[in-house]
Amino acid sequence: MTWDTSDRAERLPDNWQALRTIVLSRAAGRCEARQRNGQRCRDRATDVDHIDPGDNHQLDNLQALCAWHHARKSSAEGNAARRRHTNKRPPEPHPGLIK
């Protein structure tokens, strides 16, 4: 994530480092993402992710992810948000179909 254009760091609670330590310890330092075959990722967890996007910093909404899974999840969430916020006009009907 590019933090230079984000206010995300400012929205984290004062005890974020403690929460981060708890989540990484709870996951035994291993990524909690599930692969397509249902098995847990074997990579080292480096990031703490909000399961449901937003500012819910409760421990049950936080998971430990490897950098690859975190980037993939964040990208998907960003793309979904952009799709929701497009201001495109609806397409005009084909001239042969106008009543």
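Does H50 count as buried or exposed at 8% relative accessibility? Select H50 to begin: at that accessibility, 8%, the residue counts as buried (buried is under 20% relative accessible area, exposed over 50% and partly exposed in between, with a 1.4 Å probe and protein chains only).

This is a predicted model, in which local features need pLDDT of at least 70 and side-chain atom pairs count only at pLDDT 80 or more, while totals for chains, interfaces and linings use all residues. Residues are numbered from 1 along each chain as its sequence is written, and side-chain values use heavy atoms, with hydrogens and water left out.

Next, display the surroundings of H50. Beyond its neighbours within four places in sequence, H50 contacts R8, L12, W16, N56, H57, N61, L62, K73 and E77 (contact: heavy atoms within 4.5 Å).

Now select strand β1, residues 47-50, which contains H50 (helices, H or I of at least four residues, and strands, E of at least two, are DSSP runs numbered from the N terminus). β1 pairs with β2 in the antiparallel sense over 4 bridges (pairing requires at least two DSSP bridges between two strands). D49 has Q63 of β2 as its bridge partner.

Move to β2, where L62 and A64 on one side and Q63 and L65 on the other are all buried.

Then select L12, W16, L19, V23, L24, A27, A45, V48, L62 and A64, the 10 residues of the largest nonpolar core (buried Ala, Val, Leu, Ile, Met, Phe, Trp, Tyr and Cys residues joined through side-chain atoms within 4.5 Å). Two or more residues come from each of α2 (16-26) and β2 (62-65), with α2 giving the largest share, 4 residues.
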